[in-house]
Amino acid sequence: MSELAEDLKTVGFALIDEPALGDVQSRLREALRELQRYARLPRVAEVGPAGPSLTYADGLRAVDNPLPYRGPIDGQESGATLALLKAWKDRGLRCPVVIEAWPRRGNGITAPVRPHGKVRRENFWMPATCPDKRVGVFVTDFSSVEVGVRPDRQLLGAYTTFGARGGAVTWPRDVLRAVDSNPTEVTPQTLAGEAIDPNVASAKASLFRVLRAIAEQECYAYFDSLNAYDTALISLGVAHWTFVAGGGAAPVSEGELAALASLLEVVDADAFARTFAAWGLDPGRQCASVAQCARAEPCAGLEQCTQWYRWSDEDGRFLLTNQGKHVGWWRHGTAAGGIPVDPRQSNVWETPGLASFRSWHWFHRFQSLSRRESGLRRAQWQLGERRVRAVLDAPLPQDIASGDLANARTGDVFRSELAVALLVRCHVYAPGLVVSANKAGSLVRKVLSATGSRKWGKPSSWSDSEESELIRQLLTEAPALLRREEQGKHLRETLNAIAAFPAAPTFAARGYRLPAVAAAAGVPRWQGLSRKRNSFVRGGET
């Protein structure tokens with residue numbers, strides 16, 4: 001092992017022992033990036049006074065960072081970075097975040113999940129290093145406490161399988177619930193930032209009911225319930241926005257999490273600086289992937305253009321695809337390179353430049369941000385509203401937009417809260433079914449055909465009876481349009497769960513506090529999604 005690798009391992013960055021990160025040079029580069037990231041924090045760890053220590057983490061303590069790093073997060077062996085590494089080694093400084101695998105006890109609902117017994121693995125980074133589904137993975141974060149305070153071990157999640165592979169996940173029963181002053185459940189206060197009266201018909205009440213019902217299928221209605229075991233690398237939030245998109249051996253494509261981050265930069269610059277920017281991530285889209293160039297005179301070689309677009313207007317049009325979803329890519333620590341991978345040619349499992357984002361450290365970062373950053377939650381409310389808008393504003397295709405359906409949009413056809421929720425859930429799971437080529441997709445076409453809606457007259461005259469038939473056909477046709485049987489089965493189950501929202505067994509099993517199944521005297525109670533025609537209230541409607 002090289003002296004550089006030994007020194008990095010000594011100060012806590014043992015990525016040289018993580019084969020999932022690629023060859024030795026790739027592991028060294030990632031270790032240097034992590035040193036550069038953590039050295040920016042105001043508080044790090046140091047080796048404590050000599051004494052009996054049960055684990056590596058037990059021998060550390062929090063300390064103010066004496067050498068804040070202000071350089072780039074590029075993983076390069078620059079003079080400044082090597083000098084930083086030497087100083088950390090000489091001063092006994094250590095990485096402030098330590099990941100451990102422990103046997104566990106507690107169910108997360110009636111009792112917190114705590115480690116017990118003997119530690120199984122300590123100071124590791126990648127889930128594949130400890131692929132044991134029986135243990136809990138815990139984090140000790142010295143950067144999150146004051147000097148002199150011993151941080152508790154916090155549950156991160158567990159390892160789970162995904163086909164022949166796997167990664168990190170947080171199950172709803174395992175999440176260590178935050179204190180009442182900062183809850184992690186999706187509620188009007190945590191998502192929209194305000195109280196919403198469920199008994200008053202309003203755009204906000206309709207939108208919340210739709211997003212909450214979908215969130216129960218995506219993130220179990222907890223902001224800090226994340227996935228990092230599949231081809232999306234990391235998924236989080238009410239629609240489980242993905243870090244990247246891709247499937248199996250398919251090329252990697254842009255994910256929706258970058259669009260959420262770019263929106264956050266616009267609506268809450270301070271929150272963006274504390275979250276994505278603080279860890280060296282710059283979200284946006286390169287000109288080559290944008291359908292309409294922003295320049296007055298587009299350059300001749302569009303595929304060569306390095307113009308970097310962010311969320312720049314109300315609709316984020318440069319991040320909006322023809323499937324009605326906002327996506328983006330990431331620049332990572334360098335001014336020109338982005339993540340060091342061509343997203344059009346990469347396999348998400350085998351690309352070292354992407355593999356590091358599957359680590360427990362990135363999982364911890366995103367989970368922590370989801371718990372403490374209210375601005376990130378508010379951005380999810382806004383992006384969720386834009387998703388609903390994109391689905392409902394999609395015009396019907398020309399071949400069916402005739403007669404009584406002339407000039408109609410999806411939102412003219414489907415008018416109940418439940419129908420909208422089912423459509424948006426399908427759009428999250430398989431966007432092209434709902435919006436394709438900037439028009440309503442095959443699901444809308446199939447439902448209109450199956451219902452015989454051309455005989456119903458103009459949509460403005462449709463009643464609850466027609467709306468019920470639309471809902472029935474949505475529940476039937478959406479799963480049937482998916483190619484793989486297991487996908488159709490999963491979608492059917494989630495659509496049925498949305499139709500049953502709020503379900504008492506689900507609320508009990510997951511420890512929900514939203515006043516829906518039951519509520520204290522005098523507390524307004526959230527009812528289920530209405531099936532009545534015109535029950536979904538859009539902004540500007542009454």
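How many residues does helix H16 have, and how far does H16 reach from its first C-alpha to its last? Helix H16, residues 485-500, has 16 residues and reaches 23 Å, close to the 22 Å expected at 1.5 Å a residue; the expected span is 1.5 Å times one less than the number of residues.

Some background. This is a predicted model, in which local features need pLDDT of at least 70, side-chain atom pairs count only at pLDDT 80 or more, and totals for chains, interfaces and linings use all residues. Residues are numbered from 1 along each chain as its sequence is written, and side-chain values use heavy atoms, with hydrogens and water left out.

The protein chain has 17 helices and 20 strands, which are DSSP runs (helices H or I, at least four residues; strands E, at least two) numbered from the N terminus. Of its 542 residues, 55% are buried, meaning under 20% relative accessible area, while exposed means over 50% (1.4 Å probe, protein chains only).

Back to H16. Gly488, Leu491, Thr494, Leu495 and Ile498 are buried there. Down the axis of H16 they fall within an arc of 135 degrees, so they line one face of the helix; the arc is taken over directions from the helix axis to the C-beta atoms. The face turned away from that side carries exposed Glu485 and Lys489. The buried residues pack against helices H5 (203-218), H12 (417-429) and H15 (464-480), contact being heavy atoms within 4.5 Å.

Now another pair. The axes of H2 (residues 24-38) and H3 (residues 79-91) come within 11 Å and cross at roughly 75 degrees; axes are lines fitted to C-alpha atoms over the stretch in contact, with angles from 0 to 180 degrees between N-to-C directions. That makes H2 roughly perpendicular to H3, a label for 65 to 115 degrees. Leu32, Leu35 and Gln36 of H2 meet Thr81, Leu84, Leu85 and Trp88 of H3.

Conventions
Parallel < 35°, antiparallel > 145°, perpendicular 65-115°, else oblique.
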